[in-house]
Amino acid sequence: MPFGRRVIEAFGGQKTVDPEFDEYEKKILALEKQCRAFTKITSSYLKSLKVFQQNAHSTAGNMMAYYEDAHDEPMRDLIAKLDTFHKDSVEAKYPLLEKHVSEKVSGAMNNINEEIIKVKERMKVRNEARLSFDHYSHKIEGLRKEKDKYVSNGQFAAWKNKDKFERNERKFESAKNEYEALNEQTIKEMKELWATRFRYVNNMCAHFIKMQMFYFSAYGKQCASFIGPMKIILSKTDTKTPPSSTADLKRPDITARTGSSPPGHVRTITRDSTTNPIKPERKKKNKKPPPMPGSAPPPMPSQGPPAKAPAPSAPPIANKNVFDDFEF
């Protein structure tokens with residue numbers, strides 16, 4: 001394309017405009033932008049998923065540290081299996097997932113990108129032809145004005161740019177025909193790509209959704225297999241009674257230390273019925289108030305609302321399992 005024409009358009013010079021081409025150009029460029037964004041999001045999604053798996057593996061390893069000296073604790077074996085599961089997810093399952101995305105999702109994305117690249121190449125050639133057409137159109141317009149001026153003055157025979165005019169007129173016609181043919185063909189290809197875009201987009205989206213569903217479905221089933229054993233372990237843990245720290249201590253009977261006894265010596269004193277008889281307990285008499293005389297008035301009822309009956313005591317709260325609020 002002539003450099004001068006680029007400069008003219010860069011500073012707001014007139015150019016040939018086709019509204020239909022401009023409409024589909026915006027659509028194709030927007031589609032390309034969406035595809036680039038999807039590629040970026042997919043890459044970020046995979047990286048985040050890998051970090052999630054690595055953190056899950058690290059968490060299982062951290063939990064295992066609590067059971068280093070508790071080899072007979074059932075929860076230790078369960079967490080060891082969980083650790084193995086997450087390790088397998090990081091080292092084996094994630095690479096398979098990454099391969100699937102590369103082959104299926106990215107493969108479908110590459111197909112539509114290839115079509116976009118083809119159409120954009122055609123658009124580029126068309127734009128070069130349009131710039132060449134605009135160049136010669138602008139040039140021939142100036143020569144025509146110059147010719148008309150000489151003709152109106154009756155001086156056409158003295159005009160020195162006759163050959164230049166004819167030469168540029170031929171170039172103009174050639175540039176016009178090339179531009180119109182390329183413009184028509186390019187618009188046709190743009191329309192075809194836009195009409196068939198879902199052939200590629202649907203395939204791309206379907207592979208990404210299937211990847212998510214299959215992966216997390218398998219992941220969820222594997223995680224759910226830990227719930228049943230964990231419930232059993234927790235129910236047994238809640239019913240365990242901690243050993244009493246004073247249950248095994250043997251306390252002597254009534255003991256006393258005398259001043260003559262050596263330190264550490266304990267002397268047991270037993271009660272003798274003859275020296276220190278135990279007095280029988282007296283029965284407490286139930287003293288009742290004396291009866292009221294017959295002439296006394298009957299007792300008056302107390303003022304105010306009747307007293308409420310005491311509320312029944314609430315039953316003791318049983319140990320609640322952390323999984324009681326979940327349904328599987």
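E32 forms a salt bridge with R36, with the closest N and O atoms 3.6 Å apart. A salt bridge here is a side-chain nitrogen of Lys or Arg within 4 Å of a carboxyl oxygen of Asp or Glu. The model is predicted, so local features need pLDDT of at least 70, side-chain atom pairs count only at pLDDT 80 or more, and totals for chains, interfaces and linings use all residues. Residues are numbered from 1 along each chain as its sequence is written, and side-chain values use heavy atoms, with hydrogens and water left out.

By the salt-bridge rule, the count is 10. Both E32 and R36 belong to helix α2 (residues 19–64). They stand four residues apart, about one turn of the helix. Helices (H or I, at least four residues) are DSSP runs, numbered from the N terminus. E32 has a relative accessible area of 16%, and therefore counts as buried (under 20%; exposed is over 50%, partly exposed in between; 1.4 Å probe, protein chains only).

A second pair sits in helix α3 (residues 74–152). There, E141 and K145 meet in a salt bridge at 3.9 Å, N to O. These two residues are also four residues apart, about one turn of the helix. E141 is partly exposed, at 41% relative accessibility. K145 is exposed, at 57%.

E169 pairs with R144, and their closest N and O atoms are 3.9 Å apart.

The largest pocket holds about 280 Å³ of space. On a 1 Å grid over the protein atoms alone, a pocket is an open set of points where a 1.4 Å probe fits, with protein on both sides within 12 Å along at least five of seven lines. Grid points are joined across faces, edges and corners, and the volume is the space filled by probe spheres set on the points. The lining has 14 residues, each with an atom within 4 Å of a point. K93, F214, Y215, A218 and Y219 are the closest to the centre. Helices α3 and α5 (197–224) each give two or more residues to the lining. Eight lining residues are nonpolar, three polar and three charged. Ala, Val, Leu, Ile, Met, Phe, Trp, Tyr, Cys and Pro count as nonpolar, Asp, Glu, Lys and Arg as charged, and the others, Gly among them, as polar.
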